[in-house]
Amino acid sequence: MCGIVGLFLKDKALQPELGRMLTDMLITMSDRGPDSAGIAIYGAAEAGRAKLTIQAHDPDMIFTGLANELRDELDVDISLRVKDTHAVIDLPESKLQAARAALKKLRPAARVMSAGEVMEIYKEVGLPGDVAARFDIPKLEGSHGIGHTRMATESAVTTLGAHPFSTGADQCLVHNGSLSNHNSLRRKLAREGVGVESENDSEVAAAYLSWKMQEGSTLAEALESGLDDLDGFYTFVVGTKDGFGVVRDPIACKPAVMAETDQYVAFGSEYRALVNLPGIEDARVWEPEPATVYFWKH
Amino acid sequence: MQIFDLEAKGLRALNSTLQGQGPDTNETAWEIVNAKGSHAIAVGLTAPIDVTVRGSTGYYCAGMNAEATVRVDGSAGPGVAENMMSGAVIVEGDASQYAGATGHGGLLVIKGNAASRCGISMKGIDIVVQGNVGHMSAFMAQSGNLVVCGDAGEALGDSIYEAHLFVRGTVKSLGADCVEKEMRPEHLEILKDLITRSGVEARPEEFTRYGSARKLYNFDIDNAY
């Protein structure tokens, strides 16, 4: 069991409320996943700038002085915002790859949670309410976001085993379910030169989608191929720079409820997660069909 | 009419209050407000009381119901009316997966659509769905009636024993050992009665009947892998 929430805002007036609304939804899903929690949030884009969210077990040691060292290394304007165990590095978009390489050299122990123009990923072990408070999620603004509460089944309760998993620039994935062919798929991906960091099954799904997209598929096509190549139970919610998507396996035993109004499209593992959204009483509420890819875009 | 605020008083208080009603109770009409998708609302009822839930419900609403009439004024989450014994459960909106699973008796009416596995392993319950049902509905159904006024998804009636399945619309595919069957006068009578009692809009002669080919009843080496 795990819990998934997602919110895609159509009404710009709600953007300052995104973090607060997602946090409320996430906390409602605590009993579906008390082990760890995470959130991917899509904020405003700034022309020519990009973000790198990194995580450290020992934030003091890793983050102290890092901004200056990166500035020296790359010779560009860089800022670093520390949030508990995470830090968001703001930098010119053209230097994103160089910054990742520099980071590997300067702080090999730091882990990249996400990279892109607008997406930030925060995730940690602990109750969803505690995790949201540590990262001050309620204060975050944005156009859309997805969150996950994890009840671990396939691998250990660790920060790296927490969701969301980044699948590429400004792309991420959360998963409720369990994949039964993740070991063989992990070996297949390794042969293709795609590595994963943990023993987690969902990370393999994320890596699979990244690989498919590197090979030229769109995200929708990658999700369609996943219906053939991923064996097991899953409800996936994926985040992209300008929208989010939902797909359930053909058996569809992992729950999913969606709601749509003129103001938003919302996803919840259960209807409970949606009950405090504005105008939910009059929303169109439905269950996504099995083996069907859904997408919403700004 | 007794009004029960679920958010204020909590689930245990609700279910123990409703389960505490005896067969001769004077408190026969209940309304539950602030349901907010909670799980296990109005389960295990044994008295002939009338319960209306305002809003949508979570998992297992009206599970194990006997005698009571439970109405959900919204949509129901997974496993509504699971293992119902008697009485009635009416869902005004949609029902999630395995609605009416393993039900032994009573009537489940879904005014919207039902998701996958509706009536899985049904054992005597009557289920009437105004809309469509999802895949694997009536899987291993043993007895009772499933009436679908819309369409049925993949593998309807897979490995069915004895149960009557009536579908007005299309069937995406039939499961193992489930076949189309002749509609005889007694089946039209069953349909007429269920349509009348459930209040759905349909005519008996619009339906097609499906049931067991009875080929899986005994071991057959050709069915083994």
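# Exercises on a two-chain model

The C-alpha centres of domain 1 of chain A and domain 2 of chain A lie 25 Å apart. This is a predicted model, in which local features need pLDDT of at least 70 and side-chain atom pairs count only at pLDDT 80 or more, while totals for chains, interfaces and linings use all residues. Residues are numbered from 1 along each chain as its sequence is written, and chains are lettered from A and ligands numbered from 1 in the order in which they are written.

**Exercise 1.** State the domains of chain A and describe the contact between them.

*Solution.* Step one: take the bounds, which come from an automatic or database domain assignment. Domain 1 of chain A covers 3-44 + 127-297, and domain 2 covers 46-117. Step two: apply the contact rule, by which the C-beta atoms of two residues, placed from the backbone, lie within 7 Å. Domain 1 of chain A contributes eleven residues, and domain 2 of chain A contributes ten residues. Step three: sort by class, where Ala, Val, Leu, Ile, Met, Phe, Trp, Tyr, Cys and Pro count as nonpolar, Asp, Glu, Lys and Arg as charged, and the others, Gly among them, as polar. The domain 1 side has five nonpolar, two polar and four charged residues.

**Exercise 2.** Do the domain analysis for chain B.

*Solution.* Step one: domain 1 of chain B is 1-81 + 90-96, and domain 2 is 101-109 + 123-216. Step two: their centres, taken over C-alpha atoms, are separated by 26 Å. Step three: five residues from domain 1 of chain B and five residues from domain 2 of chain B make the contact. On the domain 1 side there are three nonpolar, two polar and no charged residues.

**Exercise 3.** Describe the contact between chain A and chain B.

*Solution.* Step one: chain A gives eleven residues and chain B gives 14 residues. Step two: the chain A side holds eight nonpolar, no polar and three charged residues.
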